[in-house]
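Open the model in your viewer and keep the selection panel at hand.

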Amino acid sequence: MSEAIHAASRTATNDGTSASVESSDTSLPEVPRAMRCAARGIKKAFGATPILRGVDLEIPEGTFAVLVGPSGCGKSTLLRLVAGLEEADEGAITLADRDVTHLPPRDRDVAMVFQSYALYPHLTVRDNLAFGLKLRGTSTAEIDERIEEASAMLGLAKLLDRLPKQLSGGQRQRVAMGRAIVRRPTIFLFDEPLSNLDAALRAEVRVEIRRLHDRLGATTLYVTHDQVEAMTLADSLWVLNGGLVEQKGPPLEIYERPRTKFVATFLGSPQMNLLSGRLVKEGGLVFAEGGGVRSRVDDERFRSELDDGREVTIGVRPHDMFLAKGDAPKIAELKVEIVEALGSEAFAHGWLTSSGPTVIARLDAADARTVKPGSVIPLGAAPTSIHLFDAATDRALA
Amino acid sequence: MKHLRALVTLIAVVAMTVLLPGCGEPPRGIVLWHPYRGGEEAALKKGVLRFEAERGLKVTVLAVPYEAYLAKLEAAIPRGNGPDVFIGPHNRLGEYLLHRLVAPVGDAFPDADAPRYEPVTVAAITYEGERWAVPLASKCGALYYNPRLLPEAPRTLDDLAAKRDFALGPGIWPLAYESHTAYWHSALLHAYGGELFGAPASTEGGAGAPPGFAMTGEAAERSLDKARELVATRVVPDEASGDLVKTLFTTGKAASVISGPWLAGDLEDKVPYEVVPLPSIPGVGAMRPFLTVDGVFMTPEGAKSEGARALARSLGDAASAAERAEIGKQVVATRSYWSAQDGGGDAAALSPEAKRQRALLVAFHEASADAIPMPVSPAMNPVWVPAEQAIRKVLRGDASPRDALAEAKARYDDVMRTPPREAVSPAPLVVVVGLALLAAAFAVVRRVRAPGFRRELAASKPAYKYVLHAAITILVLVVLPLVAGAAMSFFAGTREEARFVGLGNYVEILTARGKPLLSHGSFYLTLLVTVAWTVVNVALHVSIGLVLGIALARPVLRLRAIYRVLLIIPWAVPSYVTALAWKGMFHRQFGAINAILVALGAEPISWFAKFSTAFAANVSTNVWLGFPFMMVVVMGALTSISKDVLEAAEVDGATRWQAFRLVTLPLLRPTLLPAVVLGSVWTFNMFNVVFLVSGGEPDGTTDILVSEAYRWAFARNAQLGYAAAYAVIIFGLLALMSKVLGRIGGGDAKEAI
């Protein structure tokens, strides 16, 4: 990852569209009252390896915030910093308006669900749930009440006297959540909690987590590398890359308006198609040309930067490309290599030019039957669905 | 079938290899065994060659290593493939007699020959009016002195005492000897007219009967007073081992030492020395050391052979004696050699080295004249052990000679007490064994009746085939010895004359031999000490192991690998090496620990004088030996505890200590518990440390059950049955302890991980 990209992403985050206040490297402005959790200018290195290079984070009360990014981007480290399991080299962390930067985890009033669940193997489910409360000197009656409430919520009532090793993966996951819920903490921290579950269970628990959040209205910081979890769970999504926040905001907004090439490719499945090209102005209209594509560009969206001849990377999501029928405008022709039919829809993989990268386009289920490998099909795309990135900085044109 | 034939062939081959040499041997003439080496062996061979030439008989001379000498004699002679004559020390005569290895020498030593030998050596080989050997040479203690420090040969103890308080130089002792041993103290005892060994307490048992305890009365008390005075006035260092005595002398830190002829071999040219007879005590008499005489013994078979008798006699003649003295450098028993020396002999023609050598022999010969022959009984431990305890106690100043000796006598009497009566009726034993068998049978029946037992048995038939060899091995190596040991506990007396006493041994042990239950040396007191010993040790092992294991498991520690290796080293060193090293470090005058204490300005501690300090010394040694095991167990167990769980506890609000107490410790428990059970069993039975470090000092109070059992078997008149009963009780206690500890561990903890 080059320095240019970081510079670009820094700019992207700083003048972001979300409701957060602005921040910069030099000054650390006051955290607004409504923030449940906030971090300012966090830097952290392990030995000579920098992991976080100056990250700001704000989570308003009741928000489900998701940190997403590839492995090694620093998202888990950031979570552990908030939990107090690591200490930041630089920067400050506040929880509910309290500076906790140098406090140990026990004084931060946070609850955490670990990837491995980290249940106490020698304690029953009930004792696992009660552990944190007992340490805080909560009364027995109160403990019982909270355990009852949480176990009803999570369907753990019948499992209370079992040991962790007598539970299935999904049950352990729920106990881990229960252990957090009974604590009623300032903030819930989730560290990739679903990655040890199988796919079916994962989808189920994902929904359950969101449902619980809505019910409890609890502030949550959730770390994942899975973009589906990120998209479905987040109120506020934070894409991390190389120790910096690449983009933040509501998930759909990020999906629709990725500010960097990295964000564009990281979110969305299949990945956004990227082709190198340049801008061409013809008769008042702007076209993006290159890699076998020629498409009109929505100049409403890119008002300022559409200089003639500018080198750009053209991005089109597979879902925005379609089989151009009749007199619909054609932007490219795809030589089909294979067709993946998923039932409700299909994806055609192929090339636009003999030397270009693989390109994926979405087909309707009906068309999937007629398009054969080896055939050449015309592709269309709406001008508004064309993303443009500066070829040098990988930053989205705005 | 094929296998069977191969097996038979194999057995036949093995049998022939073993048996043939015995059958096919040609007539070998007279067979002579000896334990000699070097010059002694050369001198002996010369004498034998001359005998062969004179008499025309063939003599086979076989050198047998001294360590295995008695065992080989015992094995070979009754089978008829032993020697006809053999050379050995006279104090083994009791043992030879016990195993019927010897016969009187008859005309190998006719009455007419009596003047030929030194009277003291003749006395040594005479037992119950018979002569049992032809005396060859003798060994006894003498005084070595360093002429650079003492220009005049010290003649009296007072000459040496005058140099007390390091008058000869810093750290230079006037005299060093193993003052705490009964063997060397006897030289003082004899000077005062006392005796260590008396007539056997009972006449039964013949030559095997232990001698009486004669170290009582005024002479013994005065000798102890004298020894105590020598130590207290810093004439003699305390508790000097043989090695220390040698080192002090060779390094010039002792002006004189009392030792035997063997020391001369070790001195070489390290230090100038002269040898004179032991000093006398003015107004009392000469110190008289113990004397051991090497003699030619006749086996019962050999005694019948005229040739063998002639050989034995010829080895005692003047020519052989001269060779032994000149070549073997032995203090020969034949007087003619010495009378030749008195006349000056051919001294003028000798080299200075040979002159010196001869002077040494003459000195030892002179010393032997006053020496007291060692008794011949094989069972001297019942006397040695309490006598040494009394000597140590007096030297430490813990008791007056009178009290210490009275206690020693009481201890001797306790050991030599009449064994339990022969069981009148075996009824109690039958009942106990019967109940045990009944319980076992009941368990078996219940198992067999359990549903599905037959099916399981049939299903696991192949499995039984696989474990068969292991089961047989365990049966032979573990179960049978265990049963044999348990059976032995129903007998009393020594190996040779064991009598069936039923549960008599157990009754004696459990009733503390009729004395108060917590009296000295009683089973209950020893058990109490053993339990304290086990608890203290295991607690320290576990806590130190935990601390170090946790410290070493933390990645923050630099050079972790090096610490780990360093801390495991105590475990890798054989425990007796460590125990001896620690024993040395706890020495009152020369030990490292007291040296540190003194350097820090504290008073040196006499570690083995008090129970508390002796116990602490034992514990430190055993903790040193034992903590690495627990540390390794803890380190292993820690790696199985997920880091996440500890972090979860931290997030849940636990302090470091709470996380350790509520999470780490319970998770370590399933691994730690078996280690604690094992450690407890090992510690309960940690013979090495107790035996080697404190040796039960003071007064056997730090002895634990196993070392006590050992003493009954090997240091107290070989009461093997009594020791076996101790062993059975120890076994029962340990089995019970494992069971209880296992139950405390609980079932669920084991399943937790």
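Begin by selecting domain 1 (28-139 + 293-372) and domain 2 (140-289 + 375-415) of chain B, each of which gives at least three residues to the lining of the largest pocket; the bounds come from an automatic or database domain assignment. This is a predicted model, in which local features need pLDDT of at least 70 and side-chain atom pairs count only at pLDDT 80 or more, while totals for chains, interfaces and linings use all residues. Residues are numbered from 1 along each chain as its sequence is written, chains are lettered from A and ligands numbered from 1 in the order in which they are written, and side-chain values use heavy atoms, with hydrogens and water left out.

A pocket here is an open set of points on a 1 Å grid over the protein atoms alone, with protein on both sides within 12 Å along at least five of seven lines, a cavity is a set where a 1.4 Å probe fits but cannot get out, and lining residues have an atom within 4 Å of a point. The largest pocket has a volume of about 1500 Å³, a volume being the space filled by probe spheres set on points joined across faces, edges and corners. To centre the view, pick E40(B), K139(B), P261(B), W262(B) and D294(B), which lie nearest the pocket centre among its 46 lining residues. Then colour α15(B), the source of the largest share of this lining, with seven residues; helices (H or I, at least four residues) and strands (E, at least two) are DSSP runs numbered from the N terminus.

Next, show F86(B), L93(B), Y96(B), V102(B) and Y144(B), which touch the most other members of the largest nonpolar core, a set of 80 residues. Such a core consists of buried Ala, Val, Leu, Ile, Met, Phe, Trp, Tyr and Cys residues joined through side-chain atoms within 4.5 Å, where buried means under 20% relative accessible area (1.4 Å probe, protein chains only). Domain 1 and domain 2 of chain B each contribute at least three residues to this core. A second, separate core of 59 residues includes C73(A), V651(B), L672(B) and V676(B).

Finish at H520(B), L525(B), V529(B) and D703(B), which are among the residues lining the second largest cavity, where about 60 Å³ of space lies.

Terms used:
Buried < 20%, exposed > 50% of the residue type's maximum accessible area, 1.4 Å probe, protein only.
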